Structures are given as C-alpha cells and as structure tokens.
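Please open the model in a viewer and keep the selection panel at hand.

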Amino acid sequence: MSGRAVAEHEVVGFVGLGNMGGVLASNLVSAGFQVVAHDAAGPARTPTGARWAPGPAEVARAADIVVLSLPDGIVCTSVVRELARARDSRVTHVVDTSTVGVAAARELAGLGPAYVDAPVSGGVAGARRRSLMVMYAGADEDCAGVEPVLAGLSDRRRRVGDRPGQAQALKLANNFLSATALAATSEAVAFGQAAGLDMAVMLEVLNASSGRSGATADKFPEEVLTGRYASGFSNTLMAKDVGLYLRETEALGGAAAVAPVVQAVWEAFTAAEPDADFTRVYPFTAGV
C-alpha cells in the first residue's frame with residue numbers, strides 16, 4: 001500500500017457488504033485499518049477483523065472517512081444524508097465506490113462531507129487480487145485526504161478528473177463497453193457453435209485476432225467455458241448500468257445508436273432471469 005502510513009488506531013467506515021463491498025472492506029482490514037462496517041442485510045457478511053455497526057449513524061460516530069459500496073444513487077443519497085446528520089458525526093470524507101451515474105454523483109457532492117467519486121472495475125476476483133481498477137475524481141484536497149484509503153482498496157487506481165461525476169462517466173462508458181462485448185460475443189459464439197465450431201477453439205483464435213475483448217479473454221474462459229457462471233455481478237446491476245449510461249448520454253446530447261439495442265438485450269435477460277450472474281447472458285442468448 002502506498003501513501004502515508006496508516007496509524008494503528010485509524011478507523012475507516014464502510015457501508016454496503018455485498019459481493020464487492022465485502023471484499024473491499026476486507027482489503028482495508030488487510031491494509032491495516034480498523035474497519036467499522038454496516039450492511040442492511042445484517043452482520044453476517046462483516047469481514048473477519050472488521051467491527052459491525054447497527055447503522056450508518058453508528059459508522060458516522062466512529063470514522064472520519066466512510067467508504068460506500070451500494071446498489072444505486074437512491075440508496076447512496078439516503079446513506080450520505082444519514083452520515084451527515086448523525087449526532088456527533090465525525091465524517092469528513094465519503095469515498096463512493098458505487099455506480100450511481102453522473103447526476104447522482106454531483107448531487108451527492110453537495111450533501112455535506114467531501115465526496116470522492118470512486119467507482120471500481122475488475123469484478124470480485126479482481127478485488128480479491130487487488131488488481132481492481134479504482135477510477136476516482138474530486139477536488140485536489142479531497143482526493144489527497146483519502147489517498148491512503150484508496151490505496152487500501154486496490155493496488156490499481158487512477159485519478160480521472162477534478163469533479164465528482166467524471167469518474168462515474170468513465171465507469172458507465174466502461175460498463176457499456178463490457179455489456180456490449182459480452183452480449184455480442186454470446187451471439188458470435190452461439191453462431192460458431194451452430195456451425196460446428198468448438199467454443200475453446202473459437203476463444204483461442206478470437207483472442208489472437210481482432211475480435212478480442214474482455215469477454216473473450218476473461219468472462220468466457222473463466223465463467224462460460226467452465227460452466228461456473230459465478231463472476232459475482234448480476235444481470236440486474238448490468239441492466240441498471242446500461243440504462244444509466246443511456247440516460248446520461250441522452251442528457252449530454254451524445255451519440256446513442258448502439259446503446260438502446262444493448263439496453264434491450266440486458267432488460268430482456270433480466271426480465272427472464274432476475275439477478276442471474278451476468279455471464280449467463282450466453283445461455284440466454286444461445287437458447288441453451
């Protein structure tokens with residue numbers, strides 16, 4: 001971990017201990033922080049070495065910096081307001097690793113504590129390997145104030161802008177590309193198999209050719225070819241992210257020819273199999 005040394009007594013709050021949040025909170029424990037964590041589902045997912053808190057208000061009374069890993073902007077807004085309004089709140093900075101969209105990040109930045117927009121990409125496996133990309137944006141002093149915590153989350157991080165919302169824009173662009181590649185690769189592989197090709201052979205050739213993507217290099221070999229379908233990211237969240245991307249693109253007056261088609265695929269998949277692992281878009285698309 002880079003940045004200033006972490007004092008043994010330094011406490012970081014964490015709210016949201018789902019598939020990603022639980023690993024990120026555990027990374028902070030391993031980095032030497034004392035972690036006070038809360039999750040709406042209860043204490044069962046609290047990482048080893050972290051201390052459970054019954055609510056965001058209790059987190060606010062224990063920590064100056066609080067990390068969020070929550071499903072959407074509505075939940076994030078509710079939590080940040082509770083952190084700011086809690087009696088005897090110590091919170092000075094919020095590091096938001098959630099994917100909430102540009103508009104929501106800008107709103108969250110005005111709710112009180114210094115807000116660093118810091119979504120992540122790389123999946124649960126990447127979080128465990130500390131290879132997760134943390135893309136973050138915020139004012140100079142705000143980013144500097146949370147740098148040790150960002151370093152505790154992952155070994156890979158990049159400041160992408162000086163205003164909250166800019167990291168969200170990059171994360172949405174990333175997830176749109178990921179969603180597009182996975183859906184398109186599913187169709188292409190299904191086509192090849194219908195023609196009698198072996199999936200493993202297809203992937204070997206695609207990964208040495210111009211059709212290579214994160215889907216062919218990672219998601220298909222690790223999750224589809226093996227039949228695991230356990231990436232830790234749901235189709236419901238991907239459909240949410242693609243919808244957010246499309247809305248933000250329309251609000252900014254950007255090009256949106258491909259996004260509606262991709263959104264329709266993910267919405268149909270989510271409607272058919274709610275909360276399925278997002279790599280199951282392959283059997284959904286292939287009809288197998």
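Two strands are taken to pair if DSSP finds at least two bridges between them. The model shown here is predicted.

Begin by selecting strand β5 (residues 93-96) together with strand β6 (residues 114-117): the two run parallel and are joined by four bridges. Within this pair, Asp96 has Asp117 of β6 as its bridge partner.

Next, select strand β4 (residues 65-68), which runs parallel to β5 and is joined to β5 by four bridges. Here Val67 is partnered by Val95 of β5. With helix α3 (residues 73-85) displayed as well, a right-handed β-α-β unit made of β4, α3 and β5 can be traced.

Now show the side chains of β5. In a regular strand, side chains alternate between the two faces of the sheet. His93 and Val95 lie on one side of β5, Val94 and Asp96 on the other, and all four are buried, so that both faces of the strand are covered.

Return to β4 and select Leu68, which lies in this strand. Leu68 counts as buried because its relative accessibility is 0%. Beyond its neighbours within four places in sequence, its contacts include Val15, Cys76, Val79, Val94 and Val95.

Finally, select helix α7 (residues 166-194). Its 29 residues reach 42 Å from first C-alpha to last, close to the 42 Å expected at 1.5 Å a residue. After α7 comes Gly196, with a positive phi near 95 degrees.

Methods: Residues numbered from 1 in each chain as written. Predicted model: local features only at pLDDT ≥ 70, side-chain atom pairs only at ≥ 80, totals over all residues. Heavy atoms only, no water. Expected span 1.5 Å × (residues − 1). Buried < 20%, exposed > 50% of the residue type's maximum accessible area, 1.4 Å probe, protein only. Right-handed = clockwise from strand over helix to strand, strands pointing away. Contact = heavy atoms within 4.5 Å.
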